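Colleague: I'm new to this one. Could you walk me through a few features and how to read them?

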Amino acid sequence: MQARRRLPPIWLMGLTNATFGLTGGFVAVNVPEMLAAQGIPAGHVATAAAVILSPGFWGFLFSPILDMRFSRRTYALVFGTLTALAVGFTLAFHSSVVVVQVVMTLGFFTAMLYQGAVGGWMGALIEKKHDSQLGIWFTVANMSAGGIMMVLASELMQRCPPGVAGLIVGAVVLAPMLLFFAIPSLPPSAHQAGESFTRFWREAALLVRKREILVVLILLGLPSASFALTNVLGGTGRDFSASEHLVGVFAGFGCLVAGIAGSFLLHPLARRFPLRPLYLGVGVVGATFTLSLLLLPRAPWTFGVAISGENLFQALAFSVSNAITFEIIGPDNPFAATLFTLLISTSNLPITYMQYLDGRGYNFAGLTGSFVTDAVISAVTCLLLARFLLRRRRAVTHTKG
């Protein structure tokens, strides 16, 4: 395959995911910041943020269009441009909660389709031996771009008129797409180009029923290594006597430095362990780390350790799940973008419901309740899944024997 196509470095291909990371950082931190600054109650802000992020797990329903009729590069350009327009418009005109919620829900939806398009595009280009490497760089692009956006948009909101800030941020979201010029594009086959959406979705559904893909869906859809606690910790600064400034500094550090470090840990680990057991191992070790935080004093530095550590483990888990996804796709897969979006959406689902459960744990017993809820559910799920995978492996070995 490589003889037919001259590919750029894997790191450059992975950085195409930065557009999604920039959007995710904007939605996670800057949108709530804008709404709160207008005096909107925290409960309404949380609800608006949840609605905006919801395409993270239902957007896959539209993913088959990414493998139909036009090239994935074309879809990435279209959906990436729409995402940049949504982010820029929101920053320029954010006086209405309804407008922000509608525009950014559509913006995050197009960002999900953008990520599906580039993920399917890159995944179908690379050889199997590069799965882990591309998984690392997709996560690095996501985490680092998200951290950059959190700081950049916040500074622009304070220093520039809204219209100017919107133009700058929109241009920044567009910038990673310049990398497309260095990456060869795979046109859809003539068969794909003539498919109807309904028929194509039916064929994609048949593909998903394969045992190997079902196992990965179970692995990613259960709360084995979601580390949703990273989304809860930002609101617990007072429990650690940490000021808002320190919370922002530690959150930025955790997203950028610890997140990137966690991503690159996959490189040595993937050489020694298969990806699926490694994913469960990350969940167990991360859960142990979470429980160990209960032994530390409730001091500002503990908050820094907590949010950095949780970001490190979440980034490593993301890298492993991305590598598994690229492994499932394989080279020249006609359903590459559909599969990528489906599997990424599946991995987003436990982050959503675990964030809710962690919040319930906090309401019941404060930080202790939140930490114990996240760690125990994750560890137990990992151990049950490990038993399931071991039994499945033994059954396959017995059948072959």
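**Reading the backbone and the helices**

Modeller: Let's start with Ser 241, which is exposed, with a relative accessible area of 56% (buried means under 20% relative accessible area, exposed over 50%, partly exposed in between, with a 1.4 Å probe and protein chains only). Keep in mind that this is a predicted model, where local features need pLDDT of at least 70, side-chain atom pairs count only at pLDDT 80 or more, and totals for chains, interfaces and linings use all residues. Residues are numbered from 1 along each chain as its sequence is written, and side-chain values use heavy atoms, with hydrogens and water left out.

Colleague: What is the phi of Ser 241?

Modeller: Most residues other than glycine have a negative phi. Ser 241 has a positive one, about 60 degrees, although it is not a glycine. Look for Ser 241 in the loop between α12 and α13 (244-264); helices here are DSSP runs (H or I, at least four residues), numbered from the N terminus.

Colleague: And Phe 227, is that residue buried or exposed?

Modeller: Phe 227 is buried, at a relative accessible area of 3%. Its phi is also positive, near 50 degrees, and Phe 227 is found in the loop between α11 (211-221) and α12 (229-233).

Colleague: Now the helices. How do α7 and α16 cross?

Modeller: Two packed helices are described by the angle between their axes and the distance between the axes. Here the axes of α7 (residues 131-159) and α16 (residues 300-329) come within 7 Å and cross at roughly 135 degrees. Axes are lines fitted to C-alpha atoms, for helices over the stretch in contact, and angles run from 0 to 180 degrees between N-to-C directions. So α7 and α16 are oblique to each other (under 35 degrees is roughly parallel, over 145 roughly antiparallel, 65 to 115 roughly perpendicular, the rest oblique).

Colleague: Which residues make the contact between α7 and α16?

Modeller: Contact means heavy atoms within 4.5 Å. Among them are Leu 134, Ile 136 and Phe 138 of α7, and Ala 315, Phe 318 and Asn 322 of α16.

Colleague: How many of the residues of α16 are buried?

Modeller: 25 of the 30 are, so α16 is largely enclosed by the rest of the structure. Just after α16, Gly 330 takes a positive phi of about 70 degrees.

How values were computed
Helices (H or I, at least four residues) and strands (E, at least two) are DSSP runs, numbered from the N terminus.
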